[in-house]
Amino acid sequence: MIQRIQTVWLLLASITLFLLFLFPYLQYFDNFGTAMSIKVTGIYQGVSEGVVQVKSFILQTIVTVILGLVPLVTIFYYKNRKKQLQTIYLNIFLVILLAVWFYVSSNNAVIELNKNLVLENIGIGALLAPLDIVFLFLAAKGIRNDEKLIKSVDRLRG
């Protein structure tokens, strides 16, 4: 199980999604010059005492945790490669939807301040969803390679 390369890719995919809790996917300044950042858990504002959560994204937090756990669960389907591939492709689709959700929530937060969403506002967290998709595709490629290897061995036996 651990010696297969797709296990490493699935672990990296899971870690990448959990890193969204550390890194904001959008950083900007409001109309008063106060630093704001948007993470998976909500909108945060910098104040003199530190950072305060202005708005909470409970549903987005729950969905991110579930999508982060799916690659970990997929590792344990190692005896059923077809189910692994289906789970990975479903996870890729759901991560794409999550990235769109990030964009919509970011755009709505910025529009409330009468500003535009620009490239300089994008945080590290915005790059983690595409990186997660890459890791999931690499895991799927490893599973397909295992399937080819097993089929070729079966041909040799038969």
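In the predicted model, the side chains of D146 and R4 meet in a salt bridge, at 3.0 Å from N to O; the term covers a side-chain nitrogen of Lys or Arg within 4 Å of a carboxyl oxygen of Asp or Glu. This pair ties together distant parts of the chain, with D146 in helix α4 and R4 in the segment before α1, 142 residues apart. Helices (H or I, at least four residues) and strands (E, at least two) are DSSP runs, numbered from the N terminus. R4 counts as buried because its relative accessibility is 15%, where buried means under 20% relative accessible area, exposed over 50%, and partly exposed in between (1.4 Å probe, protein chains only). By the rule given above, the count comes to two salt bridges. In the other pair, the side chains of R81 and E147 meet at 2.7 Å, N to O. Here too distant parts of the chain are linked, R81 being in helix α3 and E147 in helix α4, 66 residues apart. E147 has 25% relative accessibility and therefore counts as partly exposed.

Residues are numbered from 1 along each chain as its sequence is written, and side-chain values use heavy atoms, with hydrogens and water left out. Because this is a predicted model, local features need pLDDT of at least 70 and side-chain atom pairs count only at pLDDT 80 or more, while totals for chains, interfaces and linings use all residues.

Turning to the sheet, four strands form an open arrangement in the order β1-β2-β3-β4, with antiparallel pairing; two strands pair if DSSP finds at least two bridges between them. β1 (26-29) and β4 (50-56) stand at the edges with a single partner strand each, so one side of each is left without a neighbour in the sheet. From one strand to the next, the twist averages 25°. Helix α3 (residues 81-111) packs on the sheet, touching β1, β2 and β3 (42-47), and its direction makes about 5° with that of β1. Contact means heavy atoms within 4.5 Å, and axes are lines fitted to C-alpha atoms, for helices over the stretch in contact, with angles running from 0 to 180 degrees between N-to-C directions.

Within the sheet, β1 and β2 (residues 35-39) run antiparallel and are joined by four bridges. L26 has I38 as its bridge partner in β2, and Y28 stands opposite M36. L26 and Y28 make up the covered face of β1, whereas Q27 and F29 belong to the uncovered one. The hairpin of these strands has five residues between them, and there G33 takes a positive phi near 85°.

On the surface, I5, V8, L11, L12 and I15 form a nonpolar patch with about 380 Å² of accessible area together. Patches are made of residues with over 30% relative accessible area and no salt bridge, like charges being joined within 9 Å and nonpolar side chains (Val, Leu, Ile, Met, Phe, Trp, Tyr) within 5 Å; accessible areas come from the Shrake-Rupley method with a 1.4 Å probe, and for residues only the protein chains shown count as cover. L11 lies in helix α1 (residues 5-18) and is partly exposed at 35% relative accessibility. I5 is also placed in helix α1.
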